[in-house]
Amino acid sequence: MGVAERNGSLVIEELHKKFHVGAGEVIALRDINLQIREGEFISIVGSSGCGKSTLLRIIAGLENGHSGTVRLGDRRVSGPGLDRGMIFQEHRLLPWLTVEENVAFALNGRTPEDKRLVREQLELVGLSGFARAHPHQLSGGMAQRVAIARALINQPKLLLLDEPFGALDALTRIQMQQEILRIWEVERTTMLLVTHDIDEAIYLGDRVVILSSRPGTVKRIVPVELPRPRDRSSYEFVQIRKEIYTEFFHEAEKPFAYAI
Amino acid sequence: MTSDTKPHLERIKHLLQYLGLSAAVLVVWQGLYHLGYIKPLILPPPTQVAAAFQDLVKSGAMTRHVGISVARVLEGFAIAALLGLSLGIAIGLSRTLDRLTDLAIQVIKPIPPIAWIPLAILWFGIGEKSKVYIIFLGAFFPIIINTIDGIRQTDHKFVELSRVLEVPRVKFVRRVVIPGALPAIMTGLRVGLMVAWMCVVAAELIAAGSGIGYLIMDARQLSQSDVVLVGMITIGVIGKVMDSIIRRIEKRLVDWKPSFAGH
């Protein structure tokens with residue numbers, strides 16, 4: 001668990017996943033190959049039902065019955081582990097615990113250091129003043145920040161974010177995107193974000209992985225070589241957005257362009 | 001100023017709403033007696049019941065009967081809570097244990113405690129033990145069944161979260177399962193206490209020489225319908241007080257759960 005061993009590179013090879021639905025089966029993911037460097041921020045976009053959440057859950061170790069390999073650093077993933085943190089779409093804070101107890105919930109040993117670690121994490125997400133609050137007293141954005149603190153307290157090599165801001169309002173979402181970027185710059189954890197928001201994917205990712213639907217396959221990987229913080233209305237940003245957009249809606253877009 | 005007086009008026013209004021129905025029943029009851037519609041032998045008026053109550057309090061009999069009944073109920077309830085909670089948690093956590101016990105629980109549950117009296121006397125004699133056993137039976141099933149239900153309703157999202165965080169099993173049960181089941185467990189305890197208290201009369205059918213149930217049965221034989229009513233109303237009032245106490249404890253334990261209070 002030392003710093004030297006912190007190898008947060010992720011390699012996915014020939015990943016297949018089928019679901020049994022009734023008598024038949026549905027191929028959720030087909031031939032997924034991905035290599036993610038340590039410290040990289042990867043966004044995965046896809047329409048709903050494309051298997052992007054399933055991919056994330058496989059990496060988290062929550063799914064089984066797939067073929068292919070997932071390796072984090074030099075270890076093969078075969079189940080959940082503290083080397084991977086996970087942020088779900090809902091905050092999943094335990095309503096009967098306070099904010100600090102929720103963050104400490106991720107710590108399984110009981111050491112005198114716990115208190116300090118929790119305080120540090122709450123500082124990192126800017127919620128030191130809410131340590132004693134209960135989840136129902138927090139706004140959606142605040143609750144999600146507590147969830148981030150909880151996921152990071154074990155210093156995972158890889159943080160998996162499953163549409164983490166999808167349930168938030170547009171303004172809070174932008175704030176949280178800036179927040180996660182700031183945290184990433186401090187912690188340098190490898191990040192893997194699943195989203196259906198193209199803007200969010202470009203704003204955050206070093207690369208944007210486009211997943212096609214049914215079966216989910218990697219359609220394209222678009223590098224985003226723009227300095228951060230990124231300006232969503234800059235020419236380059238808009239170009240990339242257009243590029244990704246046409247991957248999803250290429251047929252529908254064309255007649256519109258001719259009309260102009 | 002208005003912010004001060006208005007809640008005050010509001011509170012009086014709420015108190016009147018709270019007491020209104022009961023007061024109306026008493027007034028009508030008393031009124032019907034005065035108008036000659038009901039005979040005191042069949043239904044004595046509230047004033048007569050109050051007088052009988054006063055006599056019983058003065059002679060010290062009331063405190064004795066109430067004290068003994070409450071003690072019996074608390075004893076039976078305590079045993080039921082202890083066994084119901086621990087077995088309920090164990091069964092809730094284990095599918096195998098559930099399969100092993102489910103049929104027996106479901107079959108024994110509908111048997112009314114009063115039907116157990118003959119066996120209870122054979123097993124425990126006519127002393128305190130058989131009475132406590134009857135009360136225990138009444139309280140046990142609501143507690144164990146609500147506990148099992150509460151544990152089974154553990155949110156799958158928290159189960160997943162605990163897997164991701166590699167939470168050890170004991171901690172998972174202590175920090176996730178039991179707190180999540182607590183609202184259901186408290187409901188079970190509340191219903192259990194209520195049923196236990198309702199069983200007190202049945203339990204005191206067994207050769208009792210004291211207790212509220214005895215008071216009622218004894219008065220019935222002497223045709224003292226006013227004393228019967230004193231006993232009935234006392235059971236009602238004490239039941240209400242017990243329920244209020246346990247509700248207050250529940251509110252404190254489950255303070256994280258904002259609930260719907262009605263319009």
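The model is predicted. Over all chains, a search of the whole structure finds 13 aromatic pairs.

**Stop 1: across the chains.** Select Trp96(A) and Trp256(B). Their rings form an edge-to-face pair, 5.1 Å centre to centre, with 65° between the planes. The pair crosses between chains. On one side, Trp96(A) sits in the loop between strand 6 (84-87) and helix 2 (99-104) of chain A. On the other, Trp256(B) belongs to the segment after helix 11 (225-253) of chain B. Buried or exposed, what is Trp96(A)? Its relative accessible area is 13%, under the 20% cut-off, so Trp96(A) counts as buried. Trp256(B) is buried too, at 9%.

**Stop 2: inside chain B.** Move to Trp116(B) and Tyr133(B). The ring centres are 5.9 Å apart and the planes stand at 80°, so this pair is edge-to-face. Trp116(B) lies in the loop between helix 4 (95-108) and helix 5 (117-124), while Tyr133(B) is in helix 6 (residues 128-152), so the pair ties together parts of chain B that are 17 residues apart in sequence. Both Trp116(B) and Tyr133(B) are buried.

**Stop 3: charges over rings.** Select Arg92(A) and Phe88(A). The charged end of Arg92(A) sits over the Phe88(A) ring, 3.7 Å from the ring centre. Finish with Lys171(B) and Phe105(A). Here the charged end of Lys171(B) sits over the ring of Phe105(A), 4.9 Å from its centre.

Key: Residues numbered from 1 in each chain as written. Chains lettered and ligands numbered in written order. Predicted model: local features only at pLDDT ≥ 70, side-chain atom pairs only at ≥ 80, totals over all residues. Heavy atoms only, no water. Phe/Tyr/Trp six-rings, centres within 6.5 Å; stacked < 30°, edge-to-face > 60°. Helix = DSSP H or I, 4+ residues; strand = E, 2+ residues; numbered from the N terminus. Buried < 20%, exposed > 50% of the residue type's maximum accessible area, 1.4 Å probe, protein only. Lys NZ or Arg CZ within 6 Å of the ring centre and 35° of its normal.
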